[in-house]
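Subject: Handover of a structure with notes

Dear colleague,

Please find the structure below, followed by a summary of what was found in it.

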Amino acid sequence: MNGFDLNYFIEIIPSILKALPITLSVGLSAMVLGFILGLVITLLRKLDNPVLNPIIDLYVSFFRGTPLMVQLFIFFFGLPQIIPFIAKLNAFEASIIVMTINASAYISEVVRAAIDAVDKGQMEAALAVGMSKTRALERIVLPQALKVAVPPLGNTFISLIQGTAITFMLGLQDIMGLTKMKAAASYRFLEAFLAVGLIYWLLTLVATMINKRLEWRLSKGGAL
Amino acid sequence: MLKIENLFKSYGDNEVLKGINFQVNKGEIVTIIGPSGSGKSTLLRSINFLEDANAGTLNIDDLHIDMATPSRKDMMKARRKAAMVFQNYNLFKNKTALENISEGLIISLNMKKKEADQISRGLLKQVGLAEFEDSMPSQLSGGQQQRVGIARAMALKPNVILFDEPTSALDPELVGEVLQVIKDLAKEDITMIIVTHEMEFAKEVADRVIFMDQGIIAHEGKPDEVFDKMDNKRLQSFLRKVG
């Protein structure tokens, strides 16, 4: 049981890939839902409500300031003590919820920076033609901001996909969870973890490529 | 038609408008000249509620607004009555030339797209850009962008068009085409307030010239009175510098 077993390394890759749909659905769901929630947070902040803003700041600060793993543990193992309903959620649902909230905090900051990057003359011109602030945001400012936000959102997505690796701590059978089981059963730790590392790496490369293409298309003047 | 009374505006300790009173009649063309920092642009932007005034009242058409505490509705109404042409054009960068003009009609005036497009095409033609309707702002020269900006302002059929240094950001060779469009408009009995550094133009196009200095209206009168009468030292030294 020493040395590197190349055959085992090659054989284990397809069996790990069986769990890829779990990893991808957690990552993609958190990205899409986190984007929507992040956008809502940004727009709520734009209202400059004196009660709402400190709450939003606290939310963003907490979820960016604590490790994702800690957030998962608080939610999945801690909160059922006071909110029994959460105990009924399975690891998959809990992972999506926590990762969505976590992503929304990061995404709200990305979108906020992107809105700030849009020339303030754009908002002024929209107001000057008689639009309300909301309509001006929706029709003029946000479409331009989202263009600016695409590269950093791509990075957020990559962090999310890699972040899904720790959901196995809740017992989720994602690619990491499955790999750990297989490694424990075969004692081939190096081969198994190297294989799953390779899969994460490829996922990141594919995500980067898609993001680059999207960026390129937007730079050609295309709209979102 | 448009009347401003006791308009005050400060940025912190810096008082930029110190009690402005002025009035513009229907069909009148008023040019505002003066040194940088004299408050010309701030005055114009206050009329469009792009600056928060500290005090003052605005009467425009049938609207009467306390400028220190304008309601959202009043601001939107006032903006539909007074259209703005910006120094940096501020065309919507995510919209084509045509959409830049039709957007306000569709969104603010709830016009049908077909009707809005038709009006917008007519205006593009009027400013000499009929063949550019599908161009994005980034594909147009500064002069072309500003002409679209003027068409966008006209589309709303405002009571008055406010021009905030419409040629200041342009390369010298592009200034002429924009001034020509404004001169053509002047013949159409459209009310205009124009902040400008183009003295020849200010003199030629205006029914009345206002000279602003250090936050007040220092001098006001018919173009030849303001430009030729030698009775205001600040004005004369300003005119010598820019002339």
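**Chain A overall**

Of the 224 residues in chain A, 46% count as buried (under 20% relative accessible area, with exposed meaning over 50% and partly exposed in between; 1.4 Å probe, protein chains only). The model is predicted, and local features need pLDDT of at least 70, side-chain atom pairs count only at pLDDT 80 or more, and totals for chains, interfaces and linings use all residues. Residues are numbered from 1 along each chain as its sequence is written, chains are lettered from A and ligands numbered from 1 in the order in which they are written, and side-chain values use heavy atoms, with hydrogens and water left out.

Chain A contains nine helices and zero strands, helices (H or I, at least four residues) and strands (E, at least two) being DSSP runs numbered from the N terminus. The C-alpha trace of chain A spans about 75 × 50 × 25 Å along its principal axes. Contacts (heavy atoms within 4.5 Å) with a separation of 6 or more in chain A come to 76% from residues 24 or more positions apart. Chain A exposes about 11800 Å², of which carbon and sulfur atoms supply 69% (Shrake-Rupley method, 1.4 Å probe; for residues, only the protein chains shown count as cover).

**Helix H2 of chain A**

A:Val32 lies in helix H2 (residues 20-46) of chain A, and A:Leu39 also has its place in H2. A:Leu39 counts as buried because its relative accessibility is 19%. Not counting residues up to four places away in sequence, A:Leu39 touches A:Val111 and A:Leu142. Its C-alpha atom is separated by 41 Å from that of A:Ala183, 144 residues apart along the chain.

A:Val32, A:Leu33, A:Ile36, A:Val40, A:Leu44 and A:Leu47 form a nonpolar surface patch, with about 510 Å² of accessible area together. Patch residues have over 30% relative accessible area and no salt bridge, with like charges joined within 9 Å and nonpolar side chains (Val, Leu, Ile, Met, Phe, Trp, Tyr) within 5 Å; a salt bridge is a side-chain nitrogen of Lys or Arg within 4 Å of a carboxyl oxygen of Asp or Glu.

**Strand E7 of chain B**

In strand E7 (residues 160-164) of chain B, five of five residues are buried. B:Val160, B:Leu162 and B:Asp164 cover one side, and B:Ile161 and B:Phe163 are on the other. E7(B) pairs in the parallel sense with strand E6 (residues 82-85) of chain B over four bridges (pairing requires at least two DSSP bridges).

Yours sincerely
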